[in-house]
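Dear colleague,

Please find the structure below, handed over for your files.

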Amino acid sequence: MPTMELRDYLRVLRRRWVSILVITVAVTAAAGAFTALQTSQYASTARLFVTTSQANDTQLLQGGQFSAQRVKSYADLITSRELAQRVIDDTGLKLEPGELTDRVSAEAVLDTVNLEITVTDPDAHQAQVIAQSYAEQLTDLVRELETPAGQTEAPIKATIVDAASFSDTPVSPQPKRNLALGLVLGLMLGFGLAVLRELLDTRVKSLDDVAEITDAPTLGTIAYDATAAKTPLLTQIPSHSPRAESFRVLRTNLQFVDVDSAQKVFVVSSAVPGEGKTSTAVNLALSLAQGGNRTLLVEADLRRPMAAKRLGMDEAVGLTNVLVGRIKAADVVQTHDDSGLSFVASGPIPPNPAELIQSNAMEDFLAYAREEYDIVLIDAPPLLPVTDAALLAAKADGALVILSHGKVTREQVRHSIERLDQVDAHLAGLVLNKVPAKGRSYGYGYGYGYSPADIEAS
């Protein structure tokens, strides 16, 4: 299990403060409910002084030591059934001796010959009556036990110096103390569970998580947009929206990947399905086309093609028709009206996608695409379920791996990168997708927001 530093704990607090707060409130409320359900208990205390009858100083010192030792024995007598029965007979309580002993305690005051008897009871007056009876019955019991046979006086006696006290303030429950303990325990429990969840949670949720997995650059963070389902394309949203700005930043960073080499063909994939690799490929292609680049988007997911539907393009004829030699590549290229983006649909879904991708015809198609366009994006299947994406990446100049914030795990990302390494494919970079506004990094995709209204305000 990984170790955590102070900044990691602060990150846990920032990420999971809501759950910590909920647990803290719940535990504090439970402490409050427990306190409210408890029966109030009142206490009464009586004090006894134990002495010996000695004549001179030496005997007095020895007597004092003897008394101190006896006090401890008398404290133990407090919980005896004999003394409890005497108190019951004296007070007329409707209790068994065992029940009564649970309500009384005695303490020998340190370095003294004093003995304190404390009784707790739901009734303050009854607590006083019981405490006083215990003090009186103990003095009688001590006298009986300490009087030698054939004599009338005991060499040691217990004297009541403080009669049983009375207080109508309950000693328990203590609401303030219980609530404070509940608050502290709640915070500790909440934070402890949050740390445990963080250690067990291996999902990718930040650029730091990505950096721990690979040295490949993170080219962008795509802002989460709740309206993306209704308006999936960049051409359908305002140009100054956070999602549109995210793709412009990604477009810029992609153009600076290995500037010394002529990289033009990029495979766009993900570790597992559902991470948004198709929507990222489509919108990145639109952003590149809007930026003036001759851009071709190829729908090479020959198992579950979705790009044509997103763009509203014809999906009947496309890549598979070219790969089986029925149509020339130039004849399947469509143009997106709103952006000028060139697009090749997947065409009919074949029974052997992997074989078609490895064919010489695919090599010829990519050669055509390199010749005709400034940049080519290939929407490929996820890396882990099938081998298609890795095979395509081996023929391309690089792969862009889309990671869904809070969904894909670090282990899945590692396995995806291993898939690329196994075929000597180049990992051009990663893109963190569906990043909530509060979790956006200032590294790529600033997320400050700078709309026309902001410009006017400045």
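Val267 stands opposite Ile378 in strand β10. The two strands concerned, β6 (residues 265-270) and β10 (residues 375-379), run parallel and are joined by four bridges. Strands here are DSSP runs of E with at least two residues, helices are runs of H or I with at least four, and both are numbered from the N terminus; two strands count as paired if DSSP finds at least two bridges between them.

Please note that this is a predicted model, in which local features need pLDDT of at least 70 and side-chain atom pairs count only at pLDDT 80 or more, while totals for chains, interfaces and linings use all residues. Residues are numbered from 1 along each chain as its sequence is written, and side-chain values use heavy atoms, leaving out hydrogens and water.

β6 and β10 belong to an open, mixed sheet of eight strands, ordered β5-β12-β11-β6-β10-β7-β9-β8. Because β5 (218-223) and β8 (334-335) each have a single partner strand, they stand at the edges, and one side of each is left without a neighbour in the sheet.

In total, the protein has 17 helices and twelve strands. Its radius of gyration, taken over C-alpha atoms, is 41 Å, whereas a compact globule of 458 residues would have one near 23 Å (by the rule of 2.2 Å times the number of residues to the power 0.38). The C-alpha atoms fill a box of roughly 130 × 50 × 40 Å along the principal axes.

With kind regards
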